[in-house]
Amino acid sequence: MKYIVHKLFSIVFLWLLALPAAFAQQKQEAVYLTLKNVNIVDVEKGKLDTGMTILIKNDRITAIFPAKKNKTRGKVIDLQHRFIIPGLVDSHVHLSSIGGSSIERSYQYLDYLLRHGITAIRDPAANGVILQKVQQDVNLGIKPGPAIYYAAFMAGDWYYNRDMNIRKEPYHPWEQCLKPGVNLDSAMKVAKNFGATGVKLYHSFDAAFLKEIVSAAKRNHLLVWGHAMMYPARPLEVVKAGVEVISHASMLSALINDPKMNYRKVPQAYKDSVGASIDVRELAEEMKKRNVILDATLSVLEVKEQWIFEIVKKLHRLGVKISAGTDKITVLSNPYPHLLDELNYFVNDCGFSPADALAAATIIAAETIGQEQNIGSIKVGKKADFVVIKDNPLNDINRLKDQYMVIKHGKVVE
């Protein structure tokens, strides 16, 4: 017994002796990066802070100060008065189909998005096995790509079965059928344990049941994302139920009772005329009161529908938060990602200033994934995710095409 006690004492003593060395080794592993002579775009205030230095330790911003102080640490990059914005966030990306597609294709999409300055994405509906794997590989640095925040897709019984019991195969943690009588807390726990950041509520929910689902998701600390129209729950009911991000400005035609707005063969002139008369004031007040964000997804439009642009313009003027999301399959041969199309729609068709559009793709988009404290603006303590631009994007949103450098988590993307 004495021998065992002595042995344990020796082990503990040696472990305590090793602690200072372990801490010293940890300290030595800190990596510093200094970005000097840079013009910082403040996306929250829509202004520039010129001639600045940003000091980064590992993956976080530790200090921001005027470059004339001439303080540096670690590797120094002189950006020669170029412009720096937070890493872009696409708040509506699909890396694969629900059924699944080539995981190699997902890796290619991620590499493409990161190289074009998109450092975080929200995927509201894709195959969960693929999402979990690519998220893990990106987080571990095995594969390059933006940080990934994904949802568990949830819809009602009518969506899946049309009252005909069509669906025979089992559902999955990332794709669930919710109907009255289902244990909602259990459904949310399954989604949470599979790594979902939020739930995507899609279709076949009425207002009463929708409230129950939203409450269960929030009880289980999941963000709540959904379509602006839930068939039958209408946009105002969706917002009042507590959904935090509503997708697709085109679905706001459901604010009025005109089925022709959803028919493909109805003349565009008719839709634009009727759509222009839609009153969005009550919706805007409810959204602002509840801090609900509109994920407008304008770039997914097959044709330029002026009435949709007008609705987004009205909501923006009324102070509703609007995020930049694309909802389009990434085209690897395109010189620029679809996110730039979305921002151009905001500026050219919806009355946004370039500063407003930048906010939609940074700080507001970060809020859709619950990460506004970590990313979305350039502040001490936040992740060092940046895009360096050769000219001022506050003057022209298309300056985002002329990128000089992308930095994710304090590392230059090669």
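**A strand and its partners**

Modeller: Happy to! Let's start with strand β1 (residues 32–42), which runs parallel to strand β4 (residues 75–86) and is joined to β4 by 7 bridges. Please keep in mind that this is a predicted model. To find the pairing by eye, go to Lys 36, whose bridge partner in β4 is Asp 78. Strand β4 also pairs with strand β14 (residues 386–389), this time in the antiparallel sense, over 4 bridges.

Next, turn to helix α8 (residues 268–275), where Lys 271, Val 274 and Gly 275 are buried. These residues sit on the same side of α8 because they cover an arc of only 95° around the axis. Ala 269 and Ser 273, on the other side of α8, are exposed. If you look for what covers the buried residues of α8, you will find α10 (306–317) included.

Last, have a look at the loop between β9 (198–201) and α6 (207–219), which holds His 203. Is His 203 buried or exposed? Its relative accessible area is 14%, and the cut-off for buried is under 20%, so His 203 counts as buried. The side chain of His 203 makes a polar contact of 2.7 Å with that of Ser 204. Leaving aside residues up to four places away in sequence, His 203 touches Met 154, Ala 155, Gly 156, Trp 158, Tyr 159, Met 230 and Tyr 231.

Methods. Residues are numbered from 1 along each chain as its sequence is written. This is a predicted model: local features need pLDDT of at least 70, side-chain atom pairs count only at pLDDT 80 or more; totals for chains, interfaces and linings use all residues. Side-chain values use heavy atoms; hydrogens and water are left out. Two strands pair if DSSP finds at least two bridges between them. Helices (H or I, at least four residues) and strands (E, at least two) are DSSP runs, numbered from the N terminus. Buried means under 20% relative accessible area, exposed over 50%, partly exposed in between (1.4 Å probe, protein chains only). The arc is that of the directions from the helix axis to the C-beta atoms. Contact means heavy atoms within 4.5 Å. A polar contact is a pair of N or O atoms within 3.5 Å; within protein, one must be able to donate a hydrogen and the other to accept it, and residues adjacent in sequence count only if both atoms are side-chain atoms.
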